[in-house]
Amino acid sequence: MNFSTLFRTKENLNLDKNTLTILRYIAIFGQFIAINIVFFYLDLKFPLKESYIIIFIGLITNLYLQFKIKVNQLKDSYASLFLLYDLFQLSILLYLTGGILNPFSILLIIPTIVSSTFLSMGTTIILGVITSFLLFVLSFIYLPLPGLDKNIFNVPNFYKQGILIAIFIGLVFLSYFGIRFAGETKKRSEALSKLQEVISKEYELESLGGQAAAAAHSLGTPLATISVVAKELKKEIGDDKEVSKDIDLLISQTKRCSEILKQISKKQIKEDIFLSSIKFEDLLDEIINSFKETTSKDLDLRIENDNNKITIKRTPEIIYGLRNFIGNAVKFSKSKVKINLKSDQKIVEVKINDDGQGIPEDIIQKIGEPYIKSKSKELSANSGLGLGTFLGKTLLERQGAKIIFNRNGELGGAQVTLSWNPKFFTS
């Protein structure tokens with residue numbers, strides 16, 4: 001375990017002030033009602049005034065939290081102070097009313113459970129240790145349970161030990177699952193934020209071409225005006241060679257700007273036509289060629305039984321997803337990557353194979369989840385945290401794809417099978 005991450009203070013490790021305030025109000029009023037029912041209705045005597053004082057102090061701290069604390073999100077260390085106070089406040093009430101024999105002693109684990117869900121693991125461990133210590137103390141040091149002195153309820157020692165063990169097990173169990181579930185939620189939330197980032201950038205790049213074409217069209221007139229004025233100035237200057245040189249340079253750079261803008265306009269018009277629709281084969285070929293420019297590995301696209309020459313929209317999601325999986329194959333392969341395209345009236349299928357080490361056993365069951373890492377020494381140099389695979393998988397699934405990962409494919413390495421129902425592209 002990396003102990004430097006126990007007390008992380010990232011933005012997602014905080015507790016909503018309103019949530020904590022409401023939770024503490026419920027606890028305070030619940031305590032107040034409970035001690036009054038026991039004392040007045042059941043007529044069981046215990047230190048009532050001291051209990052009132054403890055509850056009143058708790059109410060003051062909650063009013064301070066509600067009206068004096070201006071932030072809406074309490075940071076890890078600050079929230080833990082309020083939870084720690086709640087832990088000691090409830091412990092004192094339990095000490096006054098029978099210790100661990102009090103049926104409400106189970107509530108002592110709540111601050112730790114809240115911490116496991118919203119705060120850092122380090123804070124949860126500290127609260128858990130303090131809770132365990134207080135439970136142990138309350139098993140031996142406490143005032144008599146209301147009614148015990150009247151022989152209403154006699155408890156043997158082994159029963160107290162059983163209560164202690166049961167509460168402790170509940171504390172560990174619920175804290176563990178709170179940490180696990182909260183951690184998975186945080187990781188997925190971060191990964192989905194990255195996903196939105198990627199999509200936003202892809203759409204920004206797509207719209208950038210259109211903006212460039214519009215700019216080229218708009219700048220054409222002022223550039224032509226500058227060129228005309230410069231030529232007129234050159235005529236009026238006459239034989240002044242020094243100034244003529246500068247004007248010639250100005251005219252030449254104006255022409256260059258016009259040519260660049262024309263190229264941008266022509267390229268964008270071509271891309272606009274291309275963006276509207278493209279055959280699956282052509283899209284794969286384009287992506288593969290882009291990788292061939294940066295790698296010496298053999299990338300082979302094979303078209304077998306491509307009976308349904310389907311035309312699809314060239315969306316950023318499909319492009320990014322396909323590039324991601326083909327890029328992973330290039331990254332982990334030894335020398336060869338093979339992509340097979342097959343289609344008919346029922347299915348469009350793309351298989352991406354490489355001749356690398358294959359997908360490790362410790363990854364295959366959870367591949368597609370964000371922030372995972374293999375223990376394989378062979379892959380440790382190249383492997384990341386699985387975020388790219390998560391993004392590619394999520395984006396393609398949103399575009400109707402079904403994705404299957406295999407440890408050993410056609411070339412001995414990993415195989416990723418992507419399949420679509422053709423109706424998805426025609427609907």
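I began with Phe168, which at 38% relative accessibility counts as partly exposed, a class lying between buried, under 20% relative accessible area, and exposed, over 50% (1.4 Å probe, protein chains only). The model is a predicted one, in which local features need pLDDT of at least 70 and side-chain atom pairs count only at pLDDT 80 or more, whereas totals for chains, interfaces and linings use all residues. I number residues from 1 along each chain as its sequence is written, and side-chain values use heavy atoms, with hydrogens and water left out.

**Surface patch**

I placed Phe168 in helix H6 (residues 157-237), helices being DSSP runs of H or I with at least four residues and strands runs of E with at least two, numbered from the N terminus. Phe168 belongs to a nonpolar surface patch that also includes Ile165, Ile169, Val172 and Phe173, and the patch has about 870 Å² of accessible area together. Patches take residues with over 30% relative accessible area and no salt bridge, joining nonpolar side chains (Val, Leu, Ile, Met, Phe, Trp, Tyr) within 5 Å and like charges within 9 Å; the areas come from the Shrake-Rupley method with a 1.4 Å probe, and for residues only the protein chains shown count as cover.

**Aromatic pairs**

I searched the whole structure and found 13 aromatic pairs, where rings of Phe, Tyr and Trp (its six-membered ring) pair if their centres lie within 6.5 Å, with planes under 30 degrees apart called stacked, over 60 edge-to-face and the rest tilted. Phe32 is partly exposed at 39% relative accessibility, and Tyr52 is partly exposed at 28%.
For Phe424 and Phe425 I noted centres 5.5 Å apart and planes at 85°, so that pair is edge-to-face. Phe424 is partly exposed, with a relative accessible area of 34%, whereas Phe425, at 17%, counts as buried.

**Charges**

Which residue lies over the face of Phe39? I found Lys45 there, at 4.4 Å from the ring centre; a charge sits over a ring if NZ of Lys or CZ of Arg is within 6 Å of the ring centre and within 35 degrees of the ring normal. The charged end of Arg323 sits over the ring of Phe291, 4.8 Å from its centre.
I counted 6 salt bridges, each a side-chain nitrogen of Lys or Arg within 4 Å of a carboxyl oxygen of Asp or Glu. Lys45 also meets Asp43 in one of them, at 3.0 Å from N to O. Asp43 is found in the loop between H1 and H2, is partly exposed at 40% relative accessibility, and has a phi near 60°, a positive value in a residue other than glycine.
Arg302, partly exposed at 33% relative accessibility, forms a salt bridge with Asp300, the closest N and O atoms being 2.7 Å apart. Lys338 and Glu410 form another, at 2.2 Å from N to O, and this pair links distant parts of the chain, with Lys338 in strand E6 (residues 336-343) and Glu410 in the loop between strand E8 (402-406) and strand E9 (415-420), 72 residues apart. Lys338 is buried, with a relative accessible area of 7%, whereas Glu410 is partly exposed at 45%.
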